[in-house]
Amino acid sequence: MKKSFIVENIEKYFLGGLVGGVVWELNGSKATIAFSTETKDAVGELHFDLPLPEGQIGIYNTDSLLKLLNITDEDLNLELKADNTGLVNKLKISDNKFDLDYNLSDFTIIQEVPKVQETDYNFTFKINDEFSNGFLKAHNALEKIKDFTLNTVVNKLGVNVVEIILGERNQHSNKAKFTELAEFESPSDILPFSATVFREILSANKGTEGTVSVSNKGLAKIEFENKESKVKYFVVRQQ
């Protein structure tokens, strides 16, 4: 197995530490991981190729797992280990030099992921590395402000666009605004979302193009997919 591939996919749900414990659902060739931020303002589901035996494993501290993985070389082996009762309790990580054990968690101490009730979406737009780099630069320039807003307009050329505005929601604050082509039938409301959550989603999915679908009811769905993995996030609006 390739360490970089495993780490990249773990980071898609870990979101820089915004997500706590998770359960990996294994079917023998793929892992499915449902997750939510500790503040419950974003939930999601990740699928990626992972040839481990069928079952469930609890990962309570993803940060510790990533630290162990980062010790190893690029080529590594993952193996599940059971105790004397047959209960799988360790994830064994090894390469040509290291032999590491990660202790698995009891499922009962991992918070349940909230269910999302999807709705009709009012507008959509595409995101790529150029979009991500622009958002991250603006976020850094504004000292990592908490919120940003989305709303759709028809520009002076008669083209449908979504306006992305980073900055506090008052007229005296510093702001950064840029636009992307969007698909919609009528202009949307101005919708605030967590800039921190969106930043981590973009950072974790660099190199993959995605789609953002937004409902005026205050729900954004963000999806990324390639040949070996796919992930979707649901982010609720800020108050």
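**Notes on the predicted model**

1. Ser 105 counts as buried, at 14% relative accessibility. Buried means under 20% relative accessible area, exposed means over 50%, and partly exposed lies in between, with a 1.4 Å probe and protein chains only. Ser 105 sits in the loop between strand 7 (99–103) and strand 8 (123–127). Helices (H or I, at least four residues) and strands (E, at least two) are DSSP runs, numbered from the N terminus. Setting aside residues up to four places away in sequence, Ser 105 touches Gly 58, Tyr 60 and Ile 110. Contact means heavy atoms within 4.5 Å.

2. On the source: this is a predicted model, in which local features need pLDDT of at least 70 and side-chain atom pairs count only at pLDDT 80 or more, while totals for chains, interfaces and linings use all residues. Residues are numbered from 1 along each chain as its sequence is written, and side-chain values use heavy atoms, with hydrogens and water left out.

3. For the chain as a whole, the secondary structure comes to four helices and 15 strands. The C-alpha trace spans about 70 × 35 × 35 Å along its principal axes. Of the 239 residues in the chain, 46% are buried. Among contacts between residues at least 6 apart in sequence, 60% join residues at least 24 apart.

4. The largest nonpolar core has 64 residues, and those with the most contacts inside it are Tyr 13, Trp 24 and Phe 125. A nonpolar core is a set of buried Ala, Val, Leu, Ile, Met, Phe, Trp, Tyr and Cys residues joined through side-chain atoms within 4.5 Å. In soluble globular proteins, nonpolar side chains tend to be buried together. Leaving out residues up to four places away in sequence, Tyr 13 touches Val 19, Val 22, Trp 24, Ile 33, Phe 35, Leu 46, Ile 59 and Thr 62.

5. How do helix 1 and helix 2 pack, and at what angle? Helix 1 and helix 2 (residues 62–71) pack at about 165°, with their axes 11 Å apart. Axes are lines fitted to C-alpha atoms, for helices over the stretch in contact, and angles run from 0 to 180 degrees between N-to-C directions. The two helices are therefore roughly antiparallel to each other; angles under 35 degrees count as roughly parallel, over 145 as roughly antiparallel, 65 to 115 as roughly perpendicular and the rest as oblique. On the helix 1 side the contact includes Ile 6, Ile 10 and Tyr 13, and on the helix 2 side it includes Leu 65, Leu 66 and Leu 69. By class, this contact has eight nonpolar, two polar and three charged residues. Here Ala, Val, Leu, Ile, Met, Phe, Trp, Tyr, Cys and Pro count as nonpolar, Asp, Glu, Lys and Arg as charged, and the others, Gly among them, as polar.

6. The axes of helix 3 (residues 129–141) and helix 4 (residues 195–204) come within 10 Å and cross at roughly 140°. That makes helix 3 oblique to helix 4. Residues of helix 3 that meet helix 4 include Phe 131, Phe 135 and Leu 136, and those of helix 4 include Phe 198, Arg 199 and Leu 202. By class, the contact of helix 3 with helix 4 has six nonpolar, five polar and one charged residues.

7. Ile 201 lies in helix 4 and counts as buried, at 0% relative accessibility. Beyond residues up to four places away in sequence, Ile 201 touches Leu 15, Ile 222, Phe 224, Tyr 233 and Val 235. The C-alpha atoms of Ile 201 and Ile 222, 21 residues apart along the chain, are separated by 8.6 Å.

8. Most residues other than glycine have a negative phi, and most peptide bonds are trans. Leu 15 has a positive phi, near 50°. Leu 15 lies in the loop between helix 1 (3–14) and strand 1 (22–26), and is buried, with a relative accessible area of 1%. Lys 40 also has a positive phi, near 65°. Lys 40 is in the loop between strand 2 (30–36) and strand 3 (42–49), and is partly exposed at 41%.

9. Pro 114 is in the loop between strand 7 and strand 8 and counts as partly exposed, at 34% relative accessibility. Apart from neighbours within four places in sequence, Pro 114 is in contact with Ser 36, Lys 40 and Val 43.
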